[in-house]
Amino acid sequence: MFLIVIIALIVLIAFIFIYYFNKFATLSNRIDNSLSQIDVQLRKRGDLVPNLMETVKGYAKHEKKIITEVTNARKALVSAGTLPERMKAGSQFTICFKIYF
C-alpha cells in the first residue's frame with residue numbers, strides 16, 4: 001500500500017511538472033509573439049517617417065509661396081500712394097486671401 005501511494009505521488013508530481021512546463025512554454029511563445037508584433041508595428045511606423053517628411057517638405061514649399069505672396073500683397077497695399085494704386089493693391093490682397101485662406 002505504501003508503495004502505491006509513493007508511485008501515485010511521483011506520477012502526480014510528474015503530471016504537475018509536465019503541465020506547468022507546457023504552460024510556461026506556451027506563455028513564453030506568446031511573449032515572443034507579442035514582442036515580434038511590437039517590432040513589426042515599430043518598423044511600419046519607421047517606414048512611414050520618410051513619406052511624412054516628404055509631405056511636410058512639400059507643404060513647407062507651398063506655405064513659403066503663400067507667405068511670400070501675402071507679404072508682397074500687403075507691402076503693395078501699405079506702400080500704395082494714390083487711390084487707384086490702393087484699390088489695385090487692395091483687390092490683389094483680397095484675391096490673395098480668397099485663394100489661400
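The following is a dialogue on how the terms applied to this predicted model rest on its values.

Student: What are the ground rules for the values?

Tutor: This is a predicted model, in which local features need pLDDT of at least 70 and side-chain atom pairs count only at pLDDT 80 or more, while totals for chains, interfaces and linings use all residues. Residues are numbered from 1 along each chain as its sequence is written, and side-chain values use heavy atoms, with hydrogens and water left out.

Student: How many helices and strands are there in the protein chain?

Tutor: The protein chain has two helices and zero strands. Helices (H or I, at least four residues) and strands (E, at least two) are DSSP runs, numbered from the N terminus.

Student: What share of the residues in the protein chain is buried?

Tutor: Buried residues are 7% of the 101. Buried means under 20% relative accessible area, exposed over 50%, and partly exposed in between (1.4 Å probe, protein chains only). The chain exposes about 9000 Å², of which carbon and sulfur atoms supply 69%. Those areas come from the Shrake-Rupley method with a 1.4 Å probe.

Student: What makes I66 buried rather than exposed?

Tutor: The relative accessible area of I66 is 6%, so I66 is buried. I66 is found in helix α1. Its C-alpha atom is separated by 8.5 Å from that of C96, 30 residues apart along the chain.

Student: How are G46 and A76 classed?

Tutor: G46, at 38% relative accessibility, counts as partly exposed, and A76, at 27%, counts as partly exposed as well. Helix α1 holds G46 and A76.

Student: What C-alpha separations go with G46 and A76?

Tutor: G46 and K75 are 29 residues apart in sequence and 43 Å apart in space. A76 and A89 are 13 residues apart along the chain, with 5.7 Å between their C-alpha atoms.

Student: Why is the pair of F17 and F21 called stacked?

Tutor: Rings of Phe, Tyr and Trp (its six-membered ring) pair if their centres lie within 6.5 Å; planes under 30 degrees apart count as stacked, over 60 as edge-to-face and the rest as tilted. The ring centres of F17 and F21 are 6.2 Å apart and the planes are at 25°, so the pair is stacked. Both residues lie in helix α1 (residues 2–79), four residues apart, about one turn of the helix.

Student: What makes Y20 and F24 a tilted pair?

Tutor: Their centres are 6.5 Å apart, with 40° between the planes, and the pair is tilted. Y20 and F24 are four residues apart in helix α1, so about one helical turn separates them. Y20 is partly exposed, with a relative accessible area of 42%, whereas F24 is exposed at 56%.

Student: How many aromatic pairs does a search of the whole structure find?

Tutor: The search finds three aromatic pairs. Y19, Y20 and F24 form one aromatic cluster.

Student: How do you know that E54 and K57 meet in a salt bridge?

Tutor: A salt bridge is a side-chain nitrogen of Lys or Arg within 4 Å of a carboxyl oxygen of Asp or Glu. The N to O distance for E54 and K57 is 3.9 Å, and their side chains meet in a salt bridge. The count by this rule is one salt bridge. The two residues are three residues apart in helix α1, separated by about one helical turn.
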